[in-house]
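Hi,

Here is the structure I promised to pass on. Have a look at it first, and then read my notes below.

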Amino acid sequence: MNIENNTNVCEEKVYNQIFTTNSKTVFNYIYYKFGNEEKAYDAVQEAFVKLWENCAKVVPTKAKSYVYTIANNLYLNMIKADKVRLKYAHLNTGVTNETPEFLLEEKEFQEKLDNALASLPENQRTTFLLNRIDKKKYAEIAELEGVSVKAIEKRMHLALKSLREHIDGI
Amino acid sequence: MQENYLAKWLNNELTDEEIIQFKKTDEYTSYQKIITASNKLKAPEFNQNKALQAIKAKRNATKEAKVVKLNPFKKYASIAAAILLLCSLGYYYTTTLDQTISTDYAQNNELTLPDNSEVFLNAESKIAYNKNQWNKKRDVSLDGEAFFKVAKGEKFTVTTDHGTISVLGTQFNIETRTNFFEVTCYEGLVNVNYNGKNYKVPGGTSFMVVNGKIAPLSHVKTLVPSWTLNESTFKSIPLEFVLNELQRQFNLTVTTENVNTKQLYTGSFNNKDLDLALKSISIPSKISYNLEKNKVLFYAEK
């Protein structure tokens with residue numbers, strides 16, 4: 001996307017573009033943290049309404065991190081309310097020619113993975129899923145979370161390590 | 001293995017050697033499986049169009065809500081602010097308002113200040129001071145003539161059109177009239193600030209400025225100003241000031257004809273007996289007078 005510096009977020013075109021580019025990831029970002037679709041949806045709405053209200057003060061290049069910050073703050077306010085309950089839609093692999101045993105084993109493994117993911121600390125899970133599902137680069141996640149790339153690598157490493165330990169039952 | 005090698009591995013940042021080493025470990029297969037399985041994960045559906053529509057509806061709603069919400073608040077806030085302003089102005093006004101005591105022609109007055117200092121006001125004089133601020137500063141403004149008996153304490157200041165008089169605690173008389181300024185100290189020491197210069201007036205002396213000219217300090221023998229004893233006393237004072245004083249003491253209108261009002265007069269007149277007073281002025285000055293109701297004409301025979 002190319003949003004020039006001199007354009008204004010208050011312009012509908014610019015605003016729409018920012019929304020189209022970022023809303024899905026904001027939604028996922030909060031969802032990974034929360035494990036609640038409704039709240040993730042609300043957070044997206046809230047964040048983008050706030051962006052509109054403050055469109056004159058936010059330059060387009062900063063709009064993305066602005067939206068993430070608002071969404072994250074909302075998340076922090078609500079964190080006490082619920083325990084994380086994650087539920088993932090699993091990609092249908094389409095036509096399979098695998099044996100029923102293999103399919104059963106795979107299903108079991110997916111369940112184990114779901115449980116392992118739910119037990120991860122919030123920041124590790126968010127980092128892991130943003131990378132795996134949203135295909136975000138470490139640098140981009142670092143920007144969203146406001147930490148260094150190295151910190152994201154650490155989270156990623158620890159996430160994988162914990163997942164394996166959880167699944168292998170260590 | 002380098003730090004965070006699992007993250008590096010996912011990012012294809014491991015060296016060939018490291019990959020070989022990593023593949024030899026027992027955990028490698030597990031990691032492989034996790035990655036394969038997690039690649040099949042999908043986040044819940046998110047309908048962007050629906051979300052955007054909802055946001056736009058909300059955007060307009062909050063806009064309207066804002067107008068409705070803010071208006072009454074603004075109204076009450078402005079009323080509250082106005083009331084607050086009035087209250088504080090009123091408070092400020094009453095606390096800073098000066099107490100004013102004034103006398104008219106042929107009138108004397110006596111008052112006691114909050115610190116028990118006494119002030120005697122001569123005819124046609126005005127004194128003002130702030131009652132509430134008195135403990136902070138003993139400040140009095142004077143127009144006319146007054147005799148002060150100041151109680152001991154902090155600096156006591158009298159502000160006049162001609163100058164500022166400051167003392168610590170003493171007895172002194174101040175007379176400020178048009179083109180006439182006299183400070184007489186009866187006890188202690190008085191500091192007179194006239195035209196930006198300070199003059200020390202010790203007890204028993206008098207500092208006088210007539211028509212802008214400072215007269216040398218003259219000695220005073222009395223212990224209180226004569227006017228407090230119903231006598232107006234003058235020592236080498238131009239006749240016009242004497243006549244002005246006569247006007248004030250008896251509430252008269254004084255006019256002159258062929259009289260040199262610049263000639264100096266030394267003497268006194270009684271403040272109660274007009275007949276005696278008129279004689280006290282006319283005889284030494286060798287002039288005649290004519291009294292009609294409350295009008296006096298002084299004239300010289302040629």
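Predicted model: local features only at pLDDT ≥ 70, side-chain atom pairs only at ≥ 80, totals over all residues.

**A hairpin in chain B**

With that in hand, find strand β13 (residues 205-210) and strand β14 (residues 213-219) of chain B, which pair in the antiparallel sense over 5 bridges. To get your bearings, pick B:Ser206, whose bridge partner in β14(B) is B:Ser218. The hairpin of β13(B) and β14(B) has 2 residues between the strands, and B:Asn211 takes a positive phi near 50 degrees there.

β16(B) and strand β19 (residues 295-299) of chain B pair in the parallel sense, over 5 bridges. You can check this at B:Glu257, which has B:Tyr299 as its bridge partner in β19(B).

**Chain A**

Chain A has 7 helices and 1 strand, and along the sequence the pattern reads α-α-α-β-α-α-α-α. Chain A has 170 residues, of which 46% count as buried. If you take the contacts in chain A between residues at least 6 apart in sequence, 67% join residues at least 24 apart.

**Aromatic rings**

How many aromatic pairs are there over all chains? The count comes to 25. One of them is A:Tyr29 with A:Tyr68, an edge-to-face pair with 5.2 Å centre to centre and 80 degrees between the planes. This pair links distant parts of the chain, since A:Tyr29 is in helix α1 (residues 12-34) of chain A and A:Tyr68 is in helix α3 (residues 60-78) of chain A, 39 residues apart.

For another geometry, go to B:Tyr289 and B:Phe298: their ring centres are 6.3 Å apart and their planes at 50 degrees, so the pair is tilted. B:Tyr289 counts as partly exposed at 24% relative accessibility, whereas B:Phe298 is buried at 0%.

There is also an aromatic cluster made of A:Phe27, A:Tyr31, A:Tyr32, A:Tyr41 and B:Phe46.

**Salt bridges**

The structure holds 18 salt bridges over all chains. In one of them, A:Glu122 meets A:Lys33, with the closest N and O atoms 2.8 Å apart. That pair links distant parts of the chain: A:Glu122 is in helix α5 (residues 122-132) of chain A and A:Lys33 in helix α1 of chain A, 89 residues apart. A:Glu122 is partly exposed at 24% relative accessibility, while A:Lys33 is buried at 3%. A network of salt bridges links A:Lys33, A:Glu122, A:Glu145 and A:Arg155.

Over in chain B, B:Glu175 forms a salt bridge with B:Arg177, and the closest N and O atoms are 3.6 Å apart. B:Glu175 counts as buried at 9% relative accessibility, and B:Arg177 counts as buried at 10%.

**Where the chains meet**

The contact takes 50 residues from chain A and 38 residues from chain B. The area buried between chain A and chain B is about 4,200 Å², and carbon and sulfur atoms give 63% of that.

How many salt bridges cross the interface of chain A and chain B? The rule finds 4. A:Lys150 forms a salt bridge with B:Glu3, the closest N and O atoms being 3.3 Å apart. B:Glu27 and A:Arg164 also meet in a salt bridge, at 3.8 Å from N to O. B:Glu27 lies in helix α3 (residues 27-38) of chain B and A:Arg164 in helix α7 (residues 149-167) of chain A, so the pair joins two chains. B:Glu27 is partly exposed at 29% relative accessibility, but A:Arg164 is buried at 10%.

Cheers

Note on methods: Residues numbered from 1 in each chain as written. Chains lettered and ligands numbered in written order. Heavy atoms only, no water. Pairing = 2+ DSSP bridges. Helix = DSSP H or I, 4+ residues; strand = E, 2+ residues; numbered from the N terminus. Phe/Tyr/Trp six-rings, centres within 6.5 Å; stacked < 30°, edge-to-face > 60°. Buried < 20%, exposed > 50% of the residue type's maximum accessible area, 1.4 Å probe, protein only. Contact = heavy atoms within 4.5 Å. Buried area = accessible area lost by both parts, 1.4 Å probe. Salt bridge = Lys/Arg side-chain N within 4 Å of Asp/Glu carboxyl O.
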